[in-house]
Amino acid sequence: LACPDEGCPLYVWIDGTGQDPYQEKPDQFYMMEMLKRGFVAVNVEYDNSMIDYGSGCAGKFYLLDFHGFTHKAQEIFDGTVADSVVSQMCDGPNAIANCNLGIAAHGWSQGAHI
């Protein structure tokens, strides 16, 4: 599908811990579905090592590594960072998406937390 003159919005799929980018069936399914809906679809490769969780009262978990998620999210979504995914996809001479039309994002496991 071709994008109209104003471009297409961006869809970002974020893998979970230990997943290989675009190798899992859900990756392929979600990306193809969003392509059919008129998005430019990208699968983000990032440092998907484990984030530090601790156990709390009554077996509930809490997040110990807020900085890790913040840093990973900035690497993907911060348009002021030149090499972020959003900057690479939506700004400059090689842009292939129009983020002014929107950015849809979701992920699996750690990717969903980001």
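A: The dialogue below goes from the overall fold to the sheet, the cores, the aromatic rings and the disulfide. Please keep in mind throughout that this is a predicted model.

Q: Let us start with the fold. How many helices and strands are there in the protein chain, and what pattern does the chain follow along the sequence?

A: The protein chain has four helices and five strands. In sequence order the pattern reads β-α-β-β-β-α-α-β-α. Of the 114 residues in the protein chain, 37% are buried. Among contacts with a separation of 6 or more, 61% are between residues 24 or more positions apart.

Q: Over how many bridges do β1 and β2 pair, and which residue of β2 is the bridge partner of W13?

A: The parallel pairing of β1 and β2 extends over five bridges. N43 is the partner of W13, and V44 is the partner of I14.

Q: Is strand β2 enclosed by the rest of the structure or open, and why?

A: The answer comes from the burial of its residues. Strand β2 (residues 40-44) is largely enclosed by the rest of the structure, because five of its five residues are buried. V40, V42 and V44 point one way from β2, while A41 and N43 point the other way. Both groups are buried.

Q: Which residues have the most contacts inside the largest nonpolar core?

A: That core has 17 residues, and L10, V12 and I76 are those with the most contacts inside it. The elements that give two or more residues to this core are β1, β2, α2 (66-77) and α3 (85-90). Helix α3 gives the most, with four residues. L10 shows how one residue reaches several parts of the chain: leaving aside neighbours within four places in sequence, its contacts include F39, V40, V42, V86, M89, C90, C99 and I103. There is also a second, separate core of six residues, including Y11, W13, M31 and A41.

Q: How does one describe a pair of aromatic rings, and how many such pairs does the structure hold?

A: A pair of aromatic rings is described by the distance of the centres and the angle of the planes. The structure holds two aromatic pairs. In the pair of W13 and Y30, the centres are 5.0 Å apart and the planes lie at 35°, so the pair is tilted. This pair links distant parts of the chain: W13 belongs to strand β1 (residues 10-14) and Y30 to helix α1 (residues 25-36), 17 residues apart. In the other pair, F29 and Y30 have ring centres 5.6 Å apart and planes at 65°, so that pair is edge-to-face.

Q: How many disulfides does a search of the whole structure find, and which cysteines does the disulfide join?

A: The search finds one disulfide. This disulfide joins C90 to C99, with an S to S distance of 1.8 Å. The link of C90 and C99 has 40° about the S-S bond and is right-handed.

Q: Are C90 and C99 buried or exposed?

A: Burial is judged from relative accessible area, and the cut-off is under 20%. C90 is buried because its value is 15%. C99 counts as buried because its relative accessibility is 19%.

Technical notes
Residues are numbered from 1 along each chain as its sequence is written. This is a predicted model: local features need pLDDT of at least 70, side-chain atom pairs count only at pLDDT 80 or more; totals for chains, interfaces and linings use all residues. Side-chain values use heavy atoms; hydrogens and water are left out. Rings of Phe, Tyr and Trp (its six-membered ring) pair if their centres lie within 6.5 Å; planes under 30 degrees apart count as stacked, over 60 as edge-to-face and the rest as tilted. Buried means under 20% relative accessible area, exposed over 50%, partly exposed in between (1.4 Å probe, protein chains only). Two strands pair if DSSP finds at least two bridges between them. A nonpolar core is a set of buried Ala, Val, Leu, Ile, Met, Phe, Trp, Tyr and Cys residues joined through side-chain atoms within 4.5 Å. Contact means heavy atoms within 4.5 Å. A disulfide is a pair of cysteine sulfur atoms within 2.5 Å.
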